[in-house]
Amino acid sequence: MATLSRADIATVLNLLFADEIYEQSRRDIVALHFLEVKDDANATCTWRVKFDARTAGGPYAEGADMADGDFDANSRVQASLNWAQYRKGAKVSGLAQAISQANGATAMNGDVFMEEIRDAVDALALELGGDLYGGNPAASPVELAGAALAIDGTAGTFAGIASGTYGDWIAIEDTTTEAALSKQVIREKLLIPVKQAGGYRPDVVTVADDIWENVVALADEGVGDVKEITVNGQTVNIIAMTGCTGVYIDGVPFINDRHATAGTMYAWNFRFVHVKQVPAIPRSAANPARLVANIKALTGVDITVEDVEARLRKMNGRLQPVIEILAQTGDAYKAMVKWYGQIAWAKRNAFGKLTVT
């Protein structure tokens, strides 16, 4: 039997632990449960933004033909950001690993190295959760384009597009005091402005820990807590998946997210934002027949080609950090959990934030 390369081992581990890595990487990131994930292969993160520019047409006389002046189109502009790269490390000594295996641990059960990898996935999730709000794509190294910058009412340039040129390229932003906070204030300073600017009521409003109890006190009477949310045609059980709680205000779900910026409520329309990622292990490079042989060699477990193909299909369209086994340069085992991606905001005026001071 040929010796497995580090790349072979990494591919096997990512396939076997794909579901576990996926669940761990999302379990503490409330807002990411609602964002669509799209794979990308471009050198930079780019996406199309559409601005309303249609003014032609309208009432016409019976039987009249379309004239040239009756035709126009919306403006389509390309947004662009650099990719963000995130990683966490896992390392155990040769002695610790030997003791673990001597006590019957396997890669699938109790292995100390795999436990460190799981902890690295967990730490990466926390990093992404924070930067989903506080990330700065202009930082060095590049971070996610977080909501605090993307959902902003200040004129300027974001993702290469200037709000001075395109007036819709700006979000709703307002402030209130804790003493003045009321359902009417939330309605007038957040929910209604977002609807008027972008044309849609918010799907969800995420709320920071420090003002959550203030929001709970304003919940709609006679309505139960938020348990499930339907976003982009899919139902998410927020309690089961995130452990977070939610209430309704004016029929809009408000959800506690500990990663949200302190003192801030964020209104989201998830049809206008998504995650873009560059798969660190290309799906096309994973040969099912080779994976079957490698899984058998590494774990002793027999698995069919059909099962491997099903697992590979399941990895498509979801946020998936990957495990990379690093070269052993001494008496220690090392791995890196990494992810390449960015947040694509397609319609900034469909979002809003209300800061409570």
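A search of the whole structure, which is a predicted model, turns up twelve aromatic pairs. Two of them make a handy way in, and they sit side by side in this table.

| Pair | Distance of ring centres | Angle of planes | Kind of pair |
|---|---|---|---|
| Phe158 and Trp169 | 6.1 Å | 45° | tilted |
| Trp268 and Phe351 | 6.2 Å | 85° | edge-to-face |

Trp268 is in strand β13 (residues 264-268) and Phe351 is in the loop between β16 and β17 (352-356), so here the parts tied together are 83 residues apart in sequence. Trp268 and Phe351 are buried too. They also belong to one aromatic cluster, together with Phe34, Tyr133, Tyr266, Phe270 and Trp345.

Beyond its neighbours within four places in sequence, Trp268 is in contact with a list of residues including Ala31, Leu35, Tyr133, Pro202, Val273, Trp345 and Phe351. Which residues touch the most other members of the largest nonpolar core? They are Phe34, Trp268 and Trp345, in a core of 67 residues. Helix α4 (residues 112-134) gives the most to this core, with ten residues. There is also a second, separate core of 20 residues, with Ile186, Val194, Leu218 and Phe254 among them. In soluble globular proteins, nonpolar side chains tend to be buried together.

Now step back to the whole chain. The protein chain has 357 residues, and 46% of them count as buried. Its secondary structure comes to ten helices and 17 strands. Of the contacts between residues at least 6 apart in sequence, 76% join residues at least 24 apart. The chain exposes about 17100 Å², with carbon and sulfur atoms supplying 49% of that area.

Next up is helix α3 (residues 94-102), where Gly94, Gln97 and Ser100 are buried. Looking down the axis of α3, you find its buried residues within an arc of 125°, so they line one face of the helix. Leu95 and Ala102, on the other side of α3, are exposed. And what covers the buried residues of α3? The cover includes β4 (84-93), α4 and β16 (332-345). After α3 comes Gly104, which has a positive phi, near 90°.

Thr176 lies in strand β7 (residues 172-176). Is Thr176 buried or exposed? Thr176 counts as buried, because its relative accessibility is 7% and the cut-off for buried is under 20%. Setting aside neighbours within four places in sequence, Thr176 is in contact with Leu181, Val185, Lys189, Leu354, Thr355, Val356 and Thr357.

Gln328 is in the loop between β15 (322-325) and β16. With a relative accessibility of 45%, Gln328 counts as partly exposed. A polar atom of the Gln328 side chain lies 3.1 Å from the backbone oxygen of Gly330.

Notes:
Residues are numbered from 1 along each chain as its sequence is written. This is a predicted model: local features need pLDDT of at least 70, side-chain atom pairs count only at pLDDT 80 or more; totals for chains, interfaces and linings use all residues. Side-chain values use heavy atoms; hydrogens and water are left out. Helices (H or I, at least four residues) and strands (E, at least two) are DSSP runs, numbered from the N terminus. Buried means under 20% relative accessible area, exposed over 50%, partly exposed in between (1.4 Å probe, protein chains only). Contact means heavy atoms within 4.5 Å. Accessible areas come from the Shrake-Rupley method with a 1.4 Å probe; for residues, only the protein chains shown count as cover. A nonpolar core is a set of buried Ala, Val, Leu, Ile, Met, Phe, Trp, Tyr and Cys residues joined through side-chain atoms within 4.5 Å. The arc is that of the directions from the helix axis to the C-beta atoms. A polar contact is a pair of N or O atoms within 3.5 Å; within protein, one must be able to donate a hydrogen and the other to accept it, and residues adjacent in sequence count only if both atoms are side-chain atoms. Rings of Phe, Tyr and Trp (its six-membered ring) pair if their centres lie within 6.5 Å; planes under 30 degrees apart count as stacked, over 60 as edge-to-face and the rest as tilted.
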